[in-house]
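Hello,

Here is the structure we talked about, for you to look through. My notes on helix packing and aromatic side chains follow below it.

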Amino acid sequence: MKTVSRRMFRTCNKLFSRKTLNDVVEAHPSNIETAAQMDNIQHLTSPSHNTSVRDSIHHIEEVMERAHHDGGWLLYGIICINILILGCALVSGSAFNSVAITAVDRQIFLIILLLLTISWMLFYTVFTSRKDEAVSFRDGHAGPAWLRAGLLLFGLLSLIMDIFKIAIAVGYLHCDSAVKVAFPVVQAVFLFVQTYFLWIHVKDCVQQHTHFTRCGLTLTLSTNLVVWMAAVTEESLHQTDIPDLHYNVSQRMSRASVVNKKCNCSYSACYTLKEASFYLYPFNIEYSLFASAMAYVMWKNVGRLVDNHSHHKVKFRIKDVCLGPLTGVLLVVAGLATFIMYEVEIETGDVTKTDKALLIHFIMNIVIVSMMSLSTVIGCIIYRLDHREHVSEKNPTRSLDVGLLVGASLGQFIISYFTIVAVVATEARGYLNALNLTWALLTVLQLSLQNYFIIKGLHREPFHVMQEAALHTNPHAFQEHPEIIIVQESHKTSYFLTSSCDKPSWKRRVLKEVCAFLLLANIILWIMPAFGARPQFDHPIEIKFYKVSMWTAIVNIGLPFGIFYRMHSVASLFEVYIIS
């Protein structure tokens, strides 16, 4: 027991560094509950308190978090909600009422938000992060390399989109507002500053200027969400197809991109740049969501004490995985071919060609979700045979991943269930209606199974961690796992798995195959709706049942969340692949 006590205090000293328990209590003399809990921690050395070192650290962390928050989260929440609601009102107003609220009004509001956020990020980088002991701890789970690489890629493509917008706005500068030039310029600067800021500081657990840092991160989160809403609204209005039910002619709505007919561009390449910029909108949308998630994790980590040794580094290797990636690549290629054909046939406006395109599109999607459901069931069966323990460590990144996964899936759930009700209630006949109903039912099944599979996988201990723990408790571990070798250095023994000797167990291989296949399948399910596939408007059964205004609102609200769900599933499946 004395040894345990010594280890506990040694660990606590490392965590607190120069901050003593008394300093914490004196910082919040009015918090009687906090002081009492800190007093209880000081008595952990008595024999009656048989608590492990890890539990003690987590208890101290919870007390410190409560002391740091001090109710301020309510103020930050109010600020965030007000910015979001005002932004939503301006974005919606400028999209549907170009007279009372113009695009210039919306862009002025966004410019102000972007400039304020840029100013705070520069202040944090220059002053707060460089203060002594301002960043005493770093969360190893926050901002993994693949997430930051995705942010960098989406940021680069978003920067190209802003360059196109600047070129387009310059062409109309002689007869339009200069704000339309200033907005993409400011947004390009914001992209550069924010990408650098998140790349460098996403792991920070700030211990000084906590209130100002939380306020700045709240502003950053709100700004990214408002930019996301503006991009989603503009892209949705551009991609929305409303069929004329009397003449069976599909007409493209491009209200977001319509300019004053009296104002003509000064050069001929304007239309080409405008169409090209809309193909980059999905990347800008994903960038805003990536940045929002990373800002939220930073907000949760402000004032947080982290055990720096709790994060286990796992390397990505595709060795010994073949069937899943191969099948997934074939599915992506087939999906791209059918998607291109769908877009070409729909643009013709011919009824026969439209029905043919819908037929192939529905069949392709049914095949994809069926194969995904089957592979997910196989993965869930492997989970039942796998005896890895669940992760009990408090982790804001994991909590956010699960919350976003479940929340974003609601968008696709809504569209699928509304389709099911429309087809069943109208008793619609025909092969297209039957395929549409089948696709909706299978999508509901696939979403449910995939959510279960990913959430279970994210909360499992990494395989190599379980093996390492087994070495300390099972004397026969070396006989059962010959790939484990020992390295002794300065009286310290470390254990690790060799990557070149033996192949992983069949359970690990099956899980990796399933993850690789689901990852690629989700990519093609992201590509098709993100770049313009709208069978919800090309097949008129739902529009006849719900009418144009209601069905348009349902799709334009639910589909962006469904698109984000597919991209977020790719990120989560990559994480599950790594720890399997």
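Helices α14 (residues 396–426) and α21 pack with their axes 7 Å apart, at an angle of about 140°. The angle makes α14 oblique to α21, since the antiparallel class only begins over 145 degrees. The crossing of the two helices, α14 and α21, is left-handed. Please keep in mind that this is a predicted model.

Helix α21 itself covers residues 548–579, 32 residues in total. From its first C-alpha to its last α21 reaches 46 Å, close to the 46 Å expected at 1.5 Å a residue.

On the aromatic side, the count comes to 19 aromatic pairs. One of them joins Phe123 and Phe127, with 5.2 Å centre to centre and 35° between the planes. This pair is tilted, because planes have to be under 30 degrees apart to count as stacked. Phe123 has 30% relative accessibility and Phe127 has 49%. Both therefore count as partly exposed, as the exposed class starts over 50%.

Ring pairs also link a cluster made up of Phe154, Phe283, Phe290, Trp526 and Phe531.

Two charged side chains lie over ring faces. Arg148 is placed over the face of Trp199, 5.0 Å from the ring centre. Lys512 lies over the face of Tyr577, at 4.3 Å from the ring centre.

Regards

Technical notes: Residues numbered from 1 in each chain as written. Predicted model: local features only at pLDDT ≥ 70, side-chain atom pairs only at ≥ 80, totals over all residues. Heavy atoms only, no water. Phe/Tyr/Trp six-rings, centres within 6.5 Å; stacked < 30°, edge-to-face > 60°. Buried < 20%, exposed > 50% of the residue type's maximum accessible area, 1.4 Å probe, protein only. Lys NZ or Arg CZ within 6 Å of the ring centre and 35° of its normal. Helix = DSSP H or I, 4+ residues; strand = E, 2+ residues; numbered from the N terminus. Expected span 1.5 Å × (residues − 1). Axes fitted to C-alpha atoms, helices over the stretch in contact; angles between N-to-C directions. Parallel < 35°, antiparallel > 145°, perpendicular 65-115°, else oblique. Left-handed = near helix turned anticlockwise from the far one by under 90°.
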